[in-house]
Amino acid sequence: MARSRCASLYIGRYMGQRLLQAAFVLWLASTLVFFALLLTPGDPAQALLAASGATPEEVIERRAQLGLDDPLPLQYTRYLMDLARGDLGYSWLHGRSVRHMILEQLPPTAELAVAATAVGVVLGLGLGVLAAVYRSTWLDAAATTVAVLGLSTPTYWSGLLAILFFSLRLRWLPSVGEGGLRHLVLPSLVLGFALSGSIARMVRSRVAEVMGTPFVLAARARGIPSRRVIFIHVLRAAVGPALAVTALQFGFLLGGAVVTESVFARPGLGRLAVEAIIWQDLPVVRGVALVGALAYVLVNLASDLAQAWLDPRLRALA
Amino acid sequence: MIVWAAPAHRPLLRQPMTLLALAWLGLVALGVLLAPRLAPAGPSIVDPAHVLLPPGQGNPLGTDFLGRDILARLLWGGRWTLRMGALALMAAVGLGLPVGLAAGSLGGRTDAVLMRLVDALLAFPGLLLALAAVAILGTGLTAVAMAVGLAAAPPYARVVRSIALEVRGQPYVEAARAVGCSPWRIAVRHILPNALPSLIAFAATQLGWILLNGAALNFLGLGVPPGTPEWGLMLADGRGYLRDAPWASVFPGLALTLTVLAANLAGDGLQEALQP
Amino acid sequence: MTKRSYAILFLSLVSLLVSQSGCGAPAAGGRLVYGLTLSPSGIDPHINASSELGIPLTSVYDTLVYYDPATQNFVPGLAKRWEVSDGALVYTFYLRQDVTFHDDTPFNAEAVRFNLERITSPDLASQKARFMLGPYERTEVVDEYTARIYLSEPFAPLLDALSQVYLGMASPAAVEKWGDEYQLHQVGTGPFTFAEYVPGDRLLLRRNPDYDWGPSLYEHDAAQVDEIEFRFFTDPATRSPALETGEADVMGEIPPQDAARLETNDDFRVEAVAPPGVPLMFLLNTTRAPLDDISVRQALLYATDRSAIASAVFHDTSPAAYGPLTAGTLGYDPAVQGYYAHDPARAAALLEEAGWTDSDGDGLRDREGEPLMLDLYLMGWGYMPEVGQLLAAQWMELGIGVNSQIVSYPEALEVGGEGRHHLMPFSLSSSDPDLLRKFFHSQATFNWAKVNDPELDAWLEEAARASDHTQRAVLYSSVQQRVMEQALIIPIRDYVNLNGVSNHVEGLRFDGRGWFPWLIDVTVKAQ
């Protein structure tokens, strides 16, 4: 499929624009993170040392050591410069490099995110298409309700129910921990189910739109069997928006993972973040927030670019 | 049978699921209003001698881990849950609507800057955003509502913007601009009224998200004061007893899930009903 | 062969067979999965403060001395014997000479010096170990196996500190080799080696085959199981299920209601261990009205029904607490049990005398137009919210109103420091009663009762310096009685760690701290 130079230039410019925007968003996000966390009440140094019997002088000393008393512009500049070098600092609570800590938690988080996304997309697509194609019938009502049910159930509840039923009662699956496909089944099902709702909703509305287009009508007039029309033409229209919603929901995965990780005793960034927030381990909170923001921006960038590439209007230019 | 048509306006009366959902919401509202009549003793009567009783005489839905009647707590708790939801929704709309409207109606530089700000906020997982907000604002109902509202505002702004953009492209709006109406005037007098139905529908679905995340904050122990009969908190409290006294968490869980479900379905249904 | 030889041969064969059959006798070897409850990603005992890290690491490191809870005395560990001299300012330790680290480097006085210097160096930013050493000045290497510690003031808790994992002896070579990442590659001298650590996921310990220098407190010379895997279960509701499905063999901190169920299950048992320290107690801010009036404080105590709390919230797995120390702590004075039995009538009388009556019939007492409302700040852990609710309900019956809110730990420290609260609960574990100084000394960080009593200060300071057991006991007794007389706290319950154990695990014993198991003695029956 040859592309005209016009299309390539357009794509190039579009890419450049999006990259610049992404960079700006990242800078904004990191600045927000920096300032927001400074507003939390309480003194992190004291929180670290109080129970160990440190004297007030020692707490003050530790504050200075952590750079908490430096003037704000200095702290901010240092923060930005460190970020540019990829240095996320050292955890106040654990003394380890934040980057290492985050990198350690990335594989299990990514594992769960990918598995949950797969479940969510498959379920969401299926339910959404079903609901749209058989619109206004009981099938629509049933599929929509199931999809929205996923959106409506708190994961810490559905997760525990799943454990008690599948793990304890039926003994089919391990309840907790990490270490292989079997351990991934329950958490990804629970999280994926929650995710499928928004995907199904978007798919349903898009597919419903497509169903009435002249394009589809023409295909049917040509005698192509319904099933083929649906699978090939209608689905293709649905995949784009489904992926777009998935990309948008990626942030939800990291956040929803917080609860899922806790319930299923899985390691991951969510748990790291909550512990850091509770203990005001600011470097770690910043690190996780930034990594999350980075991942979100990258995923959305990729999805935007993919959509641009696949955009039939661009194809037409070729 | 397969429906080969574009989505059309489907009046509410022909949407059984949406009607059911609205009926449930109405029931919840009724229960919440009538709480003082139905459960005059209030939600906080602690009775250590009768903890975790199963549903039965005197306690239609059983008692919780401190011996409090669960039905009473659900009825009174609806006030807290809905109050938090309403506050948070107001915050989300109050923050998101002007931003999205300005971005969609005014376009250009304003749009670019505002949307980058929204993107920056969207980049953070909603729950973490709410957690951070709670860390700053403290705990308690208002703080939690503000925090969750803040986390819900960016998606709302985005949707408002896209709707505003759509409406802006309509011929009559173009005409208004040609005539020389100021962009703000157009925004408020033309775009907003036309976008309102869709905005309301989306707000209904946002309510579901807000209720769930508010409950999640309570689960993490960073929400309303302990003892508040808020449904999410009741669910979190009862969760530890799921094996011995499932009613302590099943009923609040059902209340929460069904209400969120109803809000979502109603929102979707309204969308279809308001389709031109 | 003669008949006699046949007999001997036969008997030998039989005894050989019997000893090998293992009928009922636990086999050496095997594997154990131990459930921990927090997920600390920082587990360097010299740096970090959580008690969770001590559970695995107590078996990776040895300490100079060990605490024997039975005799309440210290026994030799890595130090064969020691001398205290010069007004309790100098401690000389004579070390064992047969000890090697897991990396085959020798343990000696230089290693001791290295460890203590590491702990006290500002660069390490130690959160606990450093402060446990108190007025530590320096360590001198007298000769290869003699180390001398110098203090600037007498410090009674020093031996107790040196008996804890936070002051365990690490290999200087390994520390220097791994630097910041030492946490992931810890090397001690203990009965288990630190095999693998994946933060947030699991920690693996393996039997140290060379170990034979354990203290007399250990029942075995070497570790009995081959491998122990630690996993982290932060969600309390999932702990018992994990135990019941066999995914864990031992599980700490099981919620009370699940413990009751486990006890009825033949395959499991619950081992309850009560760590010493300060019980769950509510500190009363004596500088803020109306709690500046001792009658009101005492009324609160009389209005509190501790046994109702113990049964409703803790399902009778925890004993009620009556004073500022738990019943198992060194220096606990049982006389505190005589104070403030549940007596609502007396509480009401005290309040009336103090001028608090319900003049407007709204159920809440008031005085000069001010309602009796108390600000309670709670943290979200340790059952504080549940107890807070029950207390508020109990007090409401006497017309005392409570305004409660949840705060994070750092914020609680701020609130407590500024004295914005009326009531704030806390609990902390420690084996040395010097812990009381952190709460009731006028300059203490946790002095949330805002007490300023020179006599109390003097007793606490003196007890920290005195090395004579009896003398300390007398002093701490005075402290406990003064705290209760002045109604500075409302004690609720002694913390009890409910450990769920699968019945094919035997030999699980906990040290004097209540938290840390001596894993060397654990055996796993072949199934």
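**Strand pairing and chain contacts in a predicted model**

Me: What makes β12(C) and strand β20 of chain C a pair?

Reply: Six bridges join β12(C) to β20 (residues 497-502) of chain C, and the two strands run antiparallel. Pairing asks for at least two bridges, so β12(C) and β20(C) count as paired.

Me: Why is β12 of chain C called an edge strand?

Reply: The strand order in this open sheet of seven is β8-β9-β10-β1-β11-β20-β12 (chain C), and the pairing is mixed. β8 (192-198) and β12 (268-273) of chain C each pair on one side only, and that makes them the edge strands.

Me: How do you know that β16 and β17 of chain C pair, and how do they run?

Reply: β16 (residues 373-378) and β17 (residues 401-406) of chain C are joined by six bridges and run parallel. Since at least two bridges are required, the two strands pair. Among the residues involved, L378(C) has I406(C) as its bridge partner in β17(C).

Me: What makes a β-α-β unit with β16(C) and β17(C), and which hand does the unit have?

Reply: Helix α12 (residues 384-396) of chain C makes the unit together with β16(C) and β17(C), and the unit is right-handed. The term applies because, with the strands pointing away from the viewer, the path from the first strand over the helix to the second runs clockwise.

Me: What makes the peptide bond from A289(C) to P290(C) cis?

Reply: Omega of that bond is near 0°. P290(C) sits in the loop between β13 (277-284) and α9 (294-303) of chain C. Most peptide bonds are trans.

Me: How do you know that chain A and chain B are in contact?

Reply: 58 residues of chain A are in contact with 48 residues of chain B. Contact requires heavy atoms within 4.5 Å, so these residues meet that cut-off. About 4700 Å² is buried between the two chains, with 75% of it from carbon and sulfur atoms. On the chain A side, R135(A), Y156(A) and W157(A) lose the most area to chain B, together 15% of what that side buries.

Me: What joins chain A and chain B in salt bridges and polar contact, by count?

Reply: The salt bridge count is zero. Three residue pairs are in polar contact, both at pLDDT 80 or more. α10(A) gives the most to the side of chain A that touches chain B, with ten residues. By class that side has 39 nonpolar, 13 polar and six charged residues.

Me: What area do chain A and chain C bury between them, and how many residues take part?

Reply: The contact draws 44 residues from chain A and 42 residues from chain C. The buried area is about 3600 Å², 52% of it on carbon and sulfur atoms. Salt bridges between chain A and chain C number zero, while three residue pairs are in polar contact (both at pLDDT 80 or more). The chain A side that touches chain C divides into 23 nonpolar, twelve polar and nine charged residues.

Technical notes:
Residues are numbered from 1 along each chain as its sequence is written. Chains are lettered from A and ligands numbered from 1 in the order in which they are written. This is a predicted model: local features need pLDDT of at least 70, side-chain atom pairs count only at pLDDT 80 or more; totals for chains, interfaces and linings use all residues. Side-chain values use heavy atoms; hydrogens and water are left out. Buried area is the accessible area (1.4 Å probe) that two parts lose on being put together, summed over both. A salt bridge is a side-chain nitrogen of Lys or Arg within 4 Å of a carboxyl oxygen of Asp or Glu. A polar contact is a pair of N or O atoms within 3.5 Å; within protein, one must be able to donate a hydrogen and the other to accept it, and residues adjacent in sequence count only if both atoms are side-chain atoms. Ala, Val, Leu, Ile, Met, Phe, Trp, Tyr, Cys and Pro count as nonpolar, Asp, Glu, Lys and Arg as charged, and the others, Gly among them, as polar. Helices (H or I, at least four residues) and strands (E, at least two) are DSSP runs, numbered from the N terminus.
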